[in-house]
Amino acid sequence: MTRKIEAEFEWAPILAAMDRGAHTGMSFAADVIANYAKGKAPHRTGALKNSIQPGEPTGSLSNGDLQVNVAAAATYAPYVEHGTGIYG
């Protein structure tokens, strides 16, 4: 026998908890990516490696705009990553 159960929920606290969990997961992922990038960075002076930092998550899971950035603040970082000429 199948019974149908109906219930009303207050969704706001549930969605807020999901957003907090997603932000925690994104922060963890950003840390992992930043550490990987630091391991790949050339380390003659360590300046590039030290400039790589994870950002804080922005947006929300429920709105579909959750994102996080990992960036290198060294001015020459794009040249190391992408090269300087037509051959990279």
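Patches are made of residues with over 30% relative accessible area and no salt bridge, with like charges joined within 9 Å and nonpolar side chains (Val, Leu, Ile, Met, Phe, Trp, Tyr) joined within 5 Å. By this criterion, Phe 9, Trp 11, Ile 14, Leu 15, Met 18 and Leu 61 make a nonpolar surface patch of about 600 Å², where accessible areas come from the Shrake-Rupley method with a 1.4 Å probe and, for residues, only the protein chains shown count as cover. The structure is a predicted model, in which local features need pLDDT of at least 70 and side-chain atom pairs count only at pLDDT 80 or more, while totals for chains, interfaces and linings use all residues. Residues are numbered from 1 along each chain as its sequence is written, and side-chain values use heavy atoms, with hydrogens and water left out.

The protein has three helices and two strands, taken as DSSP runs numbered from the N terminus (helices H or I, at least four residues; strands E, at least two), and their order along the sequence is α-α-β-β-α. The C-alpha trace spans about 70 × 25 × 25 Å along its principal axes. The radius of gyration of the protein is 21 Å, whereas a compact globule of 88 residues would have a value near 12 Å; the radius is taken over C-alpha atoms, and the globule rule is 2.2 Å times the number of residues to the power 0.38. The accessible surface comes to about 7,300 Å², of which carbon and sulfur atoms account for 57%. Of the 88 residues, 16% are buried, where buried means under 20% relative accessible area, exposed over 50%, and partly exposed in between (1.4 Å probe, protein chains only). Among contacts (heavy atoms within 4.5 Å) with a separation of 6 or more, 46% join residues 24 or more positions apart.

In soluble globular proteins, nonpolar side chains tend to be buried together. The largest nonpolar core of the model consists of six residues, Ala 34, Ala 41, Leu 48, Ile 52, Ala 74 and Ala 77, a core being a set of buried Ala, Val, Leu, Ile, Met, Phe, Trp, Tyr and Cys residues joined through side-chain atoms within 4.5 Å. When residues up to four places away in sequence are not counted, Ala 34 touches Ile 52, Pro 54 and Val 70. Val 70 also lies 9.8 Å from Ala 29, C-alpha to C-alpha, although 41 residues separate the two in sequence. Ala 29 is placed in helix α1 and counts as partly exposed because its relative accessible area is 30%.

Ser 51, in helix α2 (residues 47–51), counts as buried because its relative accessibility is 13%, and beyond four places in sequence Ser 51 touches Ala 71, Ala 72, Ala 73 and Ala 74. Ser 60, in the loop between β1 (52–54) and β2 (70–72), has a relative accessible area of 10% and is therefore buried; with residues up to four places away left out, Ser 60 touches Asp 19, His 23, Asp 65 and Leu 66.

Phe 9, one of the patch residues, is situated in the segment before α1 (11–40) and counts as exposed because its relative accessibility is 54%. The structure holds one salt bridge, defined as a side-chain nitrogen of Lys or Arg within 4 Å of a carboxyl oxygen of Asp or Glu. This salt bridge joins the side chains of Glu 6 and Lys 4 at 3.8 Å, N to O, and both Glu 6 and Lys 4 are exposed.
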